[in-house]
Amino acid sequence: QLQLVESGGGLVHAGGSLRLSCAASGFTADNYAIGWFRQAPGKEREGVSCIASSISSTRYSDSVKGRFTISENNAKNTVYLEMNGLKPEDTAVYYCAAMDVRILNSYCVLVSREYDYWGQGTQVTVSS
């Protein structure tokens with residue numbers, strides 16, 4: 001059974017850092033593209049970053065580019081999202097999701113409807 005479990009969320013002051021983890025089980029993360037999405041209260045779900053190691057692709061939304069870094073540890077079947085320079089507007093529930101990498105061409109996508117499997121989410125709160 002495919003499962004994704006996020007961890008690492010919490011409360012941090014503006015300018016601080018957090019590292020989120022997405023642990024995959026029931027499948028090999030390398031065969032899938034993994035995306036990070038976030039949803040703040042009253043807002044639509046937003047794509048933050050994605051990685052597809054088998055096609056050497058990573059992407060970031062403009063709102064986090066230069067501050068967030070996505071990486072993958074294949075041995076641990078885990079994807080990380082390193083978040084630096086956090087801002088109050090980064091406050092949201094963060095979700096990781098997986099999609100079959102075989103349907104991609106040359107890059108991963110930040111479109112939530114393309115992803116088939118989702119974790120339960122982890123709360124990130126950034127105070128000003």
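Which side chain makes a polar contact with the side chain of serine 61?

## Serine 61

Let's start with that question. The partner is serine 63, whose side chain meets that of serine 61 in a polar contact of 3.0 Å. Keep in mind as you look around that this is a predicted model.

You can find serine 61 in the loop that runs between strand 6 (57-60) and strand 7 (68-73). Its relative accessible area is 11%, and because the cut-off for buried is under 20%, serine 61 counts as buried. Leaving out residues up to four places away in sequence, serine 61 touches Glu46, Gly47, Val48 and Leu110.

## Aspartate 90

Next, turn to the loop between strand 8 (78-83) and strand 9 (92-100), where aspartate 90 lies. With a relative accessibility of 0%, aspartate 90 is buried.

The side chain of aspartate 90 is joined to that of arginine 67 by a polar contact of 2.8 Å.

## Glycine 119

Our last stop is glycine 119, found in the loop between strand 10 (117-118) and strand 11 (122-127). Glycine 119 is buried too, at 13% relative accessibility.

Which residues does glycine 119 touch, not counting those up to four places away in sequence? They are Leu4, Glu6, Tyr95 and Cys96. Alanine 97 is 22 residues from glycine 119 along the chain, yet the C-alpha atoms of the two are separated by 6.3 Å.

Notes: Residues numbered from 1 in each chain as written. Predicted model: local features only at pLDDT ≥ 70, side-chain atom pairs only at ≥ 80, totals over all residues. Heavy atoms only, no water. Helix = DSSP H or I, 4+ residues; strand = E, 2+ residues; numbered from the N terminus. Buried < 20%, exposed > 50% of the residue type's maximum accessible area, 1.4 Å probe, protein only. Contact = heavy atoms within 4.5 Å. Polar contact = N/O pair within 3.5 Å; in protein donor to acceptor, adjacent residues only side chain to side chain.
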